[in-house]
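Please keep the sequence and the structure in view while reading.

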Amino acid sequence: MADFEMKGIRKDMFGVFHDPDSNVEVKVDRYTLTSASGVEVQVISYGACVSAIVVPDKSGKKDHVTLGFDDMKGYLENAYQGSSVGRCANRIGKGKLMVEGQQYSLTINNNGNHLHGGTRGWDKHVWESHVSEERVVFSRLSSDGEQGYPGAVLVQVKYSLDAAGGLRIDFEAMTTQATPINMTNHCFFNLAGHAAGQGGLLEHLVRVNADRFTPVGQDLIPTGELASVRGTAYDLRSPITFGEALPRAPGNGFDHNFCLQFKHRGELELAACFLHPPTGRGLEVYTTEPGVQIYTGNFLPKEANKMVGRSGTSYTYQGAFCCEPQNFPDAVNQSNFPSAICFPGKPYKHSMMYKFFIQK
């Protein structure tokens with residue numbers, strides 16, 4: 001039963017989280033947004049997370065198009081599913097960074113590196129939440145020194161759904177001292193339906209508006225080069241199926257940052273487009289940031305029932321893809337990458353949109 005409904009947004013309780021810092025049980029709220037086009041989105045206060053997106057296909061049949069879980073247990077056992085990721089999304093080499101002449105050591109949680117904000121990034125906290133002007137607003141205060149980062153940061157994530165089914169996400173943050181901030185959303189998509197697995201993923205057409213990418217080493221940390229995609233497996237400027245593209249990629253999958261062909265950072269522009277022809281479901285991803293990480297679920301489990309999701313569905317290897325708009329990985333350690341440092345008095349802002357469409 002809903003706690004309340006305001007401006008077409010319904011609120012209820014999703015579950016309870018035991019906060020290890022305060023040692024108390026914290027209620028996790030859920031908000032449901034519905035568009036006139038039939039798109040339904042659910043977001044929860046744990047991780048300021050997108051917990052469900054339901055989209056009709058070309059025949060009107062609705063299905064979940066993101067991986068997700070029926071209860072808190074699934075989110076606690078499986079990181080980053082639909083979450084708002086920060087303080088810094090992606091990897092920071094060896095967890096080391098220099099800000100204004102001071103070196104900082106961050107928590108290490110990924111093969112000797114710092115990933116998605118560390119051992120307890122922003123995705124692993126319950127955020128304050130409320131409804132304002134037809135938007136769901138999540139907020140939290142990240143303390144100075146949290147996960148090794150300098151400065152206290154007040155951060156908000158705002159979700160709104162337009163009549164056509166476009167899910168807009170606005171990230172905003174203010175800091176008390178210079179600190180890196182790089183936020184994104186980490187939804188795992190399968191437009192064939194959340195249970196369609198690798199077979200469904202391989203049927204997708206993908207196009208990425210990027211003429212360069214950032215090559216990485218064995219540890220997936222960028223080398224610092226901005227390489228042309230021309231003549232490589234990373235040239236996704238023309239539509240190609242994942243079924244054709246993945247066998248060409250090293251390791252048969254993508255987990256790479258693409259440098260977008262944007263004229264002006266800060267303007268909402270098309271980063272990538274995905275289409276699942278059998279269902280007609282399509283997704284356009286827009287962002288104000290200079291990069292987008294394309295990830296094809298290479299680290300999802302290869303064995304069945306290791307990751308059990310919504311309605312008992314087994315989520316497995318390459319059963320979904322992520323399209324994560326953001327600044328470039330390890331930008332704090334690469335002088336030729338766009339700056340990721342946020343300063344007092346100059347708020348961090350990143351807007352992005354998942355825009356769904358149907359191709360008959």
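**Cavity, pocket and annotated sites**

There is one cavity of 30 Å³ or more. A cavity here is a set of points, on a 1 Å grid over the protein atoms alone, where a 1.4 Å probe fits but cannot get out; a pocket is an open set with protein on both sides within 12 Å along at least five of seven lines, and lining residues have an atom within 4 Å of a point. Grid points are joined across faces, edges and corners, and a volume is the space filled by probe spheres set on the points. The model is predicted, with local features requiring pLDDT of at least 70 and side-chain atom pairs pLDDT 80 or more, while totals for chains, interfaces and linings use all residues. Residues are numbered from 1 along each chain as its sequence is written, and side-chain values use heavy atoms, without hydrogens and water.

The largest cavity has a volume of about 60 Å³. Its lining includes Cys88, Arg91, Asn182 and Asp330, and divides into eight nonpolar, one polar and two charged residues. In this classification Ala, Val, Leu, Ile, Met, Phe, Trp, Tyr, Cys and Pro are nonpolar, Asp, Glu, Lys and Arg are charged, and the others, Gly among them, are polar.

The largest pocket has a volume of about 800 Å³. Of its 36 lining residues, Arg91, Leu220, Asp255, Tyr295 and Phe299 are the closest to its centre. Two or more lining residues come from each of β22 (255–260) and β25 (291–295); helices (H or I, at least four residues) and strands (E, at least two) are DSSP runs, numbered from the N terminus. By class, the pocket lining has 17 nonpolar, 14 polar and five charged residues.

An unreviewed UniProt entry annotates Asn90, Arg91 and Asp255 as "binding site". These residues spread over 166 residues of sequence, yet they cluster in space, with a largest C-alpha distance of 11.3 Å. UniProt positions follow the numbering used here, feature names are shortened, and annotations may be inferred rather than shown by experiment. Arg91 is found in strand β8 and is buried, because its relative accessible area is 6%; buried means under 20%, exposed over 50%, and partly exposed in between (1.4 Å probe, protein chains only). The side chain of Arg91 makes a polar contact with that of Asp255 at 3.5 Å. Such a contact is a pair of N or O atoms within 3.5 Å; within protein, one must be able to donate a hydrogen and the other to accept it, and residues adjacent in sequence count only if both atoms are side-chain atoms. Asn90 lies in the loop between β7 (84–85) and β8 (91–92).

The "active site" annotation, also from an unreviewed UniProt entry, is placed at His186 and Glu324. Although spread over 139 residues of sequence, they cluster in space, with a largest C-alpha distance of 6.2 Å. The lining of the largest pocket includes His186 and Glu324. His186 occupies the loop between β17 (184–185) and α2 (197–202), and its relative accessibility of 4% is why it counts as buried. The side chain of His186 reaches the backbone oxygen of Tyr80 at 3.5 Å. Glu324 lies in strand β26 (residues 322–326) and is buried at 2% relative accessibility. Beyond its neighbours within four places in sequence, Glu324 is in contact (heavy atoms within 4.5 Å) with residues including His116, His186 and Tyr295.
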